[in-house]
Amino acid sequence: HEVDSMALSPDGTSLAADIGPAQGGSQLYVFDLATGASRTWTFTPCRHCGLGANRLGWASYQGGALSWTSDGRNIAFVGPKASPAPGSGASSFTPGSVRLLDVSAPGADLLADSKVILNWPRGPSREAGPGWRAMVITPDGRTVVFLEQTIEYGARNNVKGSDGLLFKASVATGQVTAVTGN
């Protein structure tokens, strides 16, 4: 199994970790660092959503897919890709949403027990390219700061280059504002 992302709770007593086999199938664990006890949330991935549908984050492998709120009660995470809405023009490349999970609430189904707080702000995507590379939620839980990765393709769909752009988004309105970019 691989640890794709992890985040320490603000009080240092718990560790959230996205863990799964190398071929995919993430599970979210929260470990009590004093006792070693853990709690696990799982999800059923979209079977036709392609690369990254069975992981948190965008194909995961990113250290910034998990972030705690300041009270240590909620974890913000980049959810797996979901099936596109019929007629939306979206493809399996559209990244998942930022979701919020109350770790004290009952349940073990990651998607049913969490709520969407920010959809991918760029709308449907028809090609691999933009995606969340990292995200954090502010201590007050009102803003998500994220690193968007854009990919430039050359001849024969080979990756020619990529850029990282830093943005912030209001959880209440979804309004996105550039912070900085490359």
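**Briefing: an all-strand predicted chain**

Ser67 lies in strand 5, where strands (E, at least two residues) and helices (H or I, at least four) are DSSP runs numbered from the N terminus. The model is predicted, so local features need pLDDT of at least 70 and side-chain atom pairs count only at pLDDT 80 or more, while totals for chains, interfaces and linings use all residues. Residues are numbered from 1 along each chain as its sequence is written, and side-chain values use heavy atoms, with hydrogens and water left out. The protein chain has 0 helices and 12 strands.

**Chain overview**

- Along the sequence, the pattern of the protein chain reads β-β-β-β-β-β-β-β-β-β-β-β.
- Of the 182 residues in the protein chain, 40% are buried (buried is under 20% relative accessible area, exposed over 50%, partly exposed in between, with a 1.4 Å probe and protein chains only).
- Among contacts (heavy atoms within 4.5 Å) with a separation of 6 or more, 46% join residues 24 or more positions apart.

**Surroundings of Ser67**

- Ser67 counts as buried, at 7% relative accessibility.
- Leaving aside residues up to four places away in sequence, Ser67 touches Ala7, Asn74, Ile75, Ala76, Met135, Val136 and Ile137.
- The Ser67 side chain also reaches the backbone nitrogen of Ile137 at 3.1 Å. This is a polar contact, a pair of N or O atoms within 3.5 Å; within protein, one must be able to donate a hydrogen and the other to accept it, and residues adjacent in sequence count only if both atoms are side-chain atoms.

- An open sheet is formed by 4 strands in the order 5-6-7-8, with antiparallel pairing; two strands pair if DSSP finds at least two bridges between them.
- Strand 5 and strand 8 (114-118) are the edge strands, each pairing on one side only.
- From one strand to the next, the twist averages 30°, taken between axes fitted as lines to C-alpha atoms (for helices over the stretch in contact), with angles from 0 to 180 degrees between N-to-C directions.
- Strand 6 and strand 7 run antiparallel and are joined by 5 bridges.
- Val78 is placed opposite Val98 in strand 7.
- In general, strands of a sheet pair through backbone hydrogen bonds, either parallel or antiparallel.

**Salt bridges**

- The structure contains 2 salt bridges, each defined by a side-chain nitrogen of Lys or Arg within 4 Å of a carboxyl oxygen of Asp or Glu.
- Asp102 and Arg73 form one of them through their side chains, at 2.8 Å from N to O.
- This pair links distant parts of the chain, 29 residues apart: Asp102 is in strand 7 (residues 98-102), and Arg73 is in the loop between strand 5 (66-68) and strand 6 (74-78).
- Arg73 is partly exposed, with a relative accessible area of 43%.
- Arg142 forms a salt bridge with Asp140, with 3.7 Å between the closest N and O atoms.
- Arg142 is exposed at 59% relative accessible area, whereas Asp140 is partly exposed at 48%.

**Gly164 in strand 11**

- Gly164 is located in strand 11 (residues 159-170) and counts as partly exposed, at 21% relative accessibility.
- Gly164 and Thr180 are separated by 16 residues in sequence and by 9.2 Å in space, C-alpha to C-alpha.
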